[in-house]
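Hello,

My notes on it follow below.

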Amino acid sequence: VSGGPYSLSSGDGVEVTVADNGPGIPEALRERVFEPFFSTKTDSPHNAGLGLAICRETMAGLGGTITVASTEGQGTTFTLRFPAALPAEPAAARRLD
């Protein structure tokens with residue numbers, strides 16, 4: 001499935017891509033967006049900076065990944081890759097780094 005700001009594909013698992021055409025994320029900040037409590041949005045007390053950190057931990061617990069690609073002035077793309085099968089060991093029993 002493809003169209004609009006998202007796409008979906010399958011194969012060895014499922015890949016979901018969500019993209020926008022916003023201002024993009026500066027290269028120096030791209031990996032930091034996954035850090036707990038990191039946010040560039042300081043204009044509101046409701047931006048705790050936890051959303052992407054929680055997404056990364058959740059994806060790791062499922063045996064998947066989330067990545068970011070961005071071009072300043074052109075937008076950002078997040079790609080979530082889910083495995084074809086869930087890990088045999090429950091996420092709560094694994095240490096997520």
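Phe 37 is exposed, with a relative accessible area of 63% (exposed means over 50%, buried under 20%, partly exposed in between, with a 1.4 Å probe and protein chains only). The model is predicted, so local features need pLDDT of at least 70 and side-chain atom pairs pLDDT 80 or more, while totals for chains, interfaces and linings use all residues. Residues are numbered from 1 along each chain as its sequence is written, and side-chain values use heavy atoms, without hydrogens or water.

Phe 37 sits in the loop between S3 and helix H1 (51-61); helices (H or I, at least four residues) and strands (E, at least two) are DSSP runs numbered from the N terminus.

Next, the strands. S3 (residues 13-19) pairs with S5 (residues 75-83) in the antiparallel sense, over 7 bridges; pairing requires at least two bridges found by DSSP. Val 16 has Leu 80 in S5 as its bridge partner. S4 (residues 65-71) also runs antiparallel to S5, joined by 7 bridges, and Ser 70 is partnered with Thr 76. A hairpin is formed by S4 and S5 with 3 residues between them, and Gly 73 in the turn has a positive phi of about 85°.

Which residues make up the largest nonpolar core? Its 9 residues are Ile 25, Val 33, Phe 34, Phe 38, Met 59, Ile 66, Val 68, Phe 78 and Leu 80. Such a core is a set of buried Ala, Val, Leu, Ile, Met, Phe, Trp, Tyr and Cys residues joined through side-chain atoms within 4.5 Å.

Regards
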